[in-house]
Amino acid sequence: EVVSMYAKLEALTNDEHALLSRTSQLEEELETAQSDLDTATARVREMEQMQTDQDADMRANESTIHDMETRWSDANSANAMLVTQNRTLASTLQQLSENVTGVGEENLYLKQQVLDSAEEVRMMNKALQAAQDQHQGHINENEATMI
């Protein structure tokens, strides 16, 4: 009976050693899993910060786009007003040139000056229109770039 009890004690000792070995192995796996979890948590925090930064950049870009649209609208309105004023001036100058009558060098000289001025105004109108078209093209490019 003592031999049987001794055998049982030895078996229990062997079981205890196996359990201690398995416990040690599980503790190592737990440490590895904890390290992996810490790494993943840090990466999630980095990604959250990146998202926050991207959101801030997006808001800044939206503000910039709004400012550019406002400036374009203001510039477009100013250009349209200048074109209208220049057309009115060109029309007035044209009427004046048609009303200039008379004989003599002075009248012919004045009429030519009025015609030259009207032509200059027409050329300025064309230049303003071209600048306005180019400005619109830049705005369209900027909007496409921002998008």
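Student: Why is Glu 46 called partly exposed?
Tutor: Glu 46 has a relative accessible area of 43%. Buried means under 20%, exposed over 50%, and partly exposed in between, found with a 1.4 Å probe and counting protein chains only. The value of 43% falls in between, so Glu 46 is partly exposed. Before we go on, this is a predicted model, where local features need pLDDT of at least 70 and side-chain atom pairs count only at pLDDT 80 or more, while totals for chains, interfaces and linings use all residues. Residues are numbered from 1 along each chain as its sequence is written, and side-chain values use heavy atoms, leaving out hydrogens and water.

Student: What makes the pair Arg 43 and Glu 46 a salt bridge?
Tutor: The term asks for a side-chain nitrogen of Lys or Arg within 4 Å of a carboxyl oxygen of Asp or Glu. Here the N to O distance is 3.1 Å, so the pair of Arg 43 and Glu 46 qualifies. Arg 43 is also partly exposed, at 41% relative accessibility.

Student: Where do Arg 43 and Glu 46 sit in the helix?
Tutor: They are 3 residues apart in helix H1, residues 2-99, which means about one helical turn separates them. A helix here is a DSSP run of H or I with at least four residues, numbered from the N terminus.

Student: How many salt bridges does a search of the whole structure find?
Tutor: It finds 2. Glu 119 and Arg 122 form one of them, at 3.4 Å from N to O. They too are 3 residues apart, in helix H2, residues 105-146. Glu 119 is partly exposed at 36%, and Arg 122 is partly exposed at 33%.

Student: How do you know whether Asn 79 is buried or exposed?
Tutor: Asn 79, found in helix H1, has 16% relative accessibility, so it counts as buried. Gln 132, in helix H2, is buried as well, at 13%.

Student: What does Gln 132 contact, leaving aside its neighbours within four places in sequence?
Tutor: Gln 132 is in contact with Asn 76, Asn 79, Ala 80 and Val 83, where contact means heavy atoms within 4.5 Å. Apart from residues up to four places away, Asn 79 touches Leu 128 and Gln 132.

Student: Which residues gather in a patch of negative charge on the surface?
Tutor: Glu 27, Glu 28, Glu 29 and Glu 31 do. Patch residues have over 30% relative accessible area and no salt bridge, with like charges joined within 9 Å and nonpolar side chains within 5 Å. Glu 27, in helix H1, has 47% relative accessibility, so Glu 27 passes the area cut-off.

Conventions: Helices (H or I, at least four residues) and strands (E, at least two) are DSSP runs, numbered from the N terminus. Accessible areas come from the Shrake-Rupley method with a 1.4 Å probe; for residues, only the protein chains shown count as cover. Lys and Arg count as positive and Asp and Glu as negative; His and the chain ends are not counted. The place of a charge is taken as NZ of Lys, CZ of Arg, CG of Asp or CD of Glu.
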